[in-house]
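Here's a quick tour of a protein model, starting with its sheet and then zooming out. Have a look at the fold before reading on.

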Amino acid sequence: VFTANTLHIMSWPEVERLFALLPSLMTPGALLCCYGPFNYGGRFTSASNAQFDAALKLDDPRRGIRDIEAVDALARDAGFVLVEDIEMPANNRCITWRRERLGNRA
């Protein structure tokens, strides 16, 4: 599954619902890749991302750049493990998780 520039335009409950539904759509070993801006440790990675977040929230207060730690927690709860976190142009990231194989969950 690949999604680009979506998590920051969805409300947090919609992000939670997406991750809750993914295990029913993906086989063990499948990859999930999310492209877009993320915060780390509750902080913006650039001034332009802070400005972008403010513009998103001005348009709809439910929108905003998500903290990678919160998104990763949703992914882990849904049975995914973080595989890769790649820095991309324009202060974006490409984050990849793999759905754990059955029987490998802790």
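In what order do the 4 strands of the open sheet stand? The order is β1-β2-β6-β5, and the pairing is mixed. Keep in mind that this is a predicted model, where local features need pLDDT of at least 70, side-chain atom pairs count only at pLDDT 80 or more, and totals for chains, interfaces and linings use all residues. Residues are numbered from 1 along each chain as its sequence is written, and side-chain values use heavy atoms, leaving out hydrogens and water.

**The sheet**
- Strands (E, at least two residues) and helices (H or I, at least four) are DSSP runs numbered from the N terminus, and two strands pair if DSSP finds at least two bridges between them.
- β1 (2-4) and β5 (80-88) each have a single partner strand, so one side of each has no neighbour in the sheet.
- β5 and β6 (residues 92-99) run antiparallel, joined by 8 bridges.
- Across that pair, aspartate 85 sits opposite isoleucine 95 in β6.

**The helices**
- Helix α1 (residues 12-25) lies across β2 (31-36), β5 and β6, at about 150° to β2.
- Helix α3 (residues 68-77) lies across β5 and β6, at about 20° to β6.
- These angles run from 0 to 180 degrees between N-to-C directions, with axes fitted to C-alpha atoms, for helices over the stretch in contact (heavy atoms within 4.5 Å).

**The whole chain**
- The protein chain has 3 helices and 6 strands, running β-α-β-β-α-β-α-β-β from the N terminus.
- Buried residues (under 20% relative accessible area, 1.4 Å probe, protein chains only) make up 39% of the 106 residues.

How values were computed. Buried means under 20% relative accessible area, exposed over 50%, partly exposed in between (1.4 Å probe, protein chains only).
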